[in-house]
Amino acid sequence: MPHEVAAACAGAAVEALRNVRHAGAAHVAVRLDGDHRGLELTVADDGRGFAPGRVRRAALGLRDSVVRRMAEVGGSADVRSRPGHGTTVCLRWSAPAPDAHGGMTARPRRQQEVLRAAVGDVRGPLAAVCLPYLVVMAAVAVFQTVGTPVLSGHLLWYLALATATCVLIRRADRRIGGRVALPLLAVAVVGAVSCLPVLPAEAVADYRSWPIGAVTPLLTLLVIVRPVRQTVLALACEEVGILVLTAVDPPGSGSTASAVVMVLPAMLSPATGVVMGLVIRRTLVALGGAVLDAHHHRTAVVAAESAARAGAEQHRRRLREIDAQIVPFLRAVAAGDAPDPAAVRTRADRLARSVRDELHLPGVLDGPLRDLVGRAREAGCEVTVHARAGDGAPPVDTPARAALLRAVLTAALADRGSLEELVLGVQDGPEGPAVSLVAMPGDPRRAAALRAALEGTPHTLEDSADLTWAEAVLPE
């Protein structure tokens with residue numbers, strides 16, 4: 001992880017845990033999932049909970065210390081809570097992926113993610129759009145049913161539909177699945193159209209045909225949070241049903257044009273809700289996309305800056321390690337404390353080889369392994385380390401790869417008695433960077449040690465009297 005991302009996640013998690021102390025919780029669970037491509041960190045407690053919409057604006061704890069921290073590094077924070085049901089804080093961050101031109105490209109965005117980026121908790125805006133219409137339509141439904149008892153069944157239908165719409169609004173911060181939305185759309189359309197056969201033909205032009213417009217809040221809601229084609233198809237089915245039924249029993253005795261004029265307001269009522277929902281959806285998607293683009297750009301900048309700092313620090317660390325090997329030797333030679341010239345040349349040659357190893361595989365050879373390679377060379381073994389990587393990228397750029405290379409080299413050098421030559425190479429392959437090792441002559445014990453070091457990693461290993469050969473793809 002980039003340093004800034006790790007720091008932001010840690011700080012946000014600490015703030016979430018600090019809030020647990022005030023929640024009266026008996027248990028708290030912290031779960032971290034992910035890899036270098038992204039993470040999800042969840043802090044969940046079973047405390048008293050709260051209503052997020054009623055939190056004072058001055059209470060900046062969760063909003064400022066959690067949500068803002070994640071937003072600044074291109075991540076997101078989702079705080080879910082209900083009175084009596086605890087609180088869950090979910091922190092997410094995804095690394096931008098490199099595109100074909102070497103830049104950074106964002107991963108595909110989910111509908112809920114875009115809406116959340118635009119308005120935070122989408123339930124508030126949806127309630128503001130849909131609930132007033134539901135209340136007004138409820139009053140119209142009750143009043144018209146008193147005067148038209150034949151619509152009593154549709155009143156019950158509307159109460160069920162309004163209840164379902166409220167439930168969907170309450171759950172709009174999560175994904176609303178097709179198994180819920182599609183049956184509701186079918187029930188809404190059938191209920192709306194079925195009022196026409198039980199009413200007089202001219203009722204389509206007045207409020208007695210209220211069930212036709214009663215589906216508007218549900219259509220408005222679903223066209224925002226569900227794929228557009230589903231709601232538009234439901235609207236089309238309703239409009240076709242109205243046209244067919246009014247064609248069978250036209251309102252009034254005038255011309256076709258007058259009949260269309262009488263039916264048009266009823267048809268426009270649900271269509272207006274869908275159009276309004278489409279406008280809201282487009283606005284939210286545009287705003288959410290802009291916010292996510294800003295987060296994505298911020299993430300790319302943070303990752304690049306962090307990588308540059310990490311590279312510079314690694315370079316300084318390598319220089320310090322090389323200095324720790326070479327400077328004492330040079331001081332001893334300069335002070336005249338060195339042994340005979342042959343020993344000086346041997347020590348200088350060992351240091352030179354060690355520096356070349358470090359240049360080929362920076363950060364892989366730690367102190368103990370460097371000494372192990374040096375002792376093998378002093379014992380007469382020819383040890384060669386080389387690496388080739390494309391685009392100037394470091395051949396070993398993750399801790400997992402460095403750990404595997406250390407394990408392989410240590411296993412190969414564990415028994416130096418019969419080892420005459422050892423070649424360790426890292427090169428780009430079709431499946432990514434790969435390590436290859438050749439040890440001569442072959443040795444069954446060395447082959448067994450290498451097999452144990454490569455366990456869990458896809459590899460090829462062969463052993464004969466002449467040589468032991470192993471090859472494996474380096475892990476991510």
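Trainee: How many bridges join strand S2 to strand S4, and how do the two run?
Mentor: Eight bridges join S2 (residues 38–45) to S4 (residues 87–94), and they run antiparallel. Strands here are DSSP E runs of at least two residues, helices are H or I runs of at least four, and both are numbered from the N terminus. Keep in mind that it's a predicted model, where local features need pLDDT of at least 70, side-chain atom pairs count only at pLDDT 80 or more, and totals for chains, interfaces and linings use all residues. Residues are numbered from 1 along each chain as its sequence is written, and side-chain values use heavy atoms, leaving out hydrogens and water.

Trainee: Which residue is the bridge partner of Leu39 in S4?
Mentor: Trp93.

Trainee: And what's the strand order in the open sheet?
Mentor: S1-S2-S4-S3, with antiparallel pairing; two strands pair if DSSP finds at least two bridges between them. The edges are S1 (28–35) and S3 (76–81), each pairing on one side only.

Trainee: Switching to cores: which residues have the most contacts inside the largest nonpolar one?
Mentor: Leu126, Trp157, Tyr158 and Trp210, in a core of 52 residues. Such a core is a set of buried (under 20% relative accessible area, 1.4 Å probe, protein chains only) Ala, Val, Leu, Ile, Met, Phe, Trp, Tyr and Cys residues joined through side-chain atoms within 4.5 Å.

Trainee: Which element gives the largest share of this core?
Mentor: H5, with eight residues.

Trainee: What does Trp157 touch?
Mentor: Going by heavy atoms within 4.5 Å, its partners include Val187, Trp210 and Pro211, not counting residues up to four places away in sequence. Apart from that core lies another, of 32 residues, including Leu365 and Cys381.

Methods
Buried means under 20% relative accessible area, exposed over 50%, partly exposed in between (1.4 Å probe, protein chains only).
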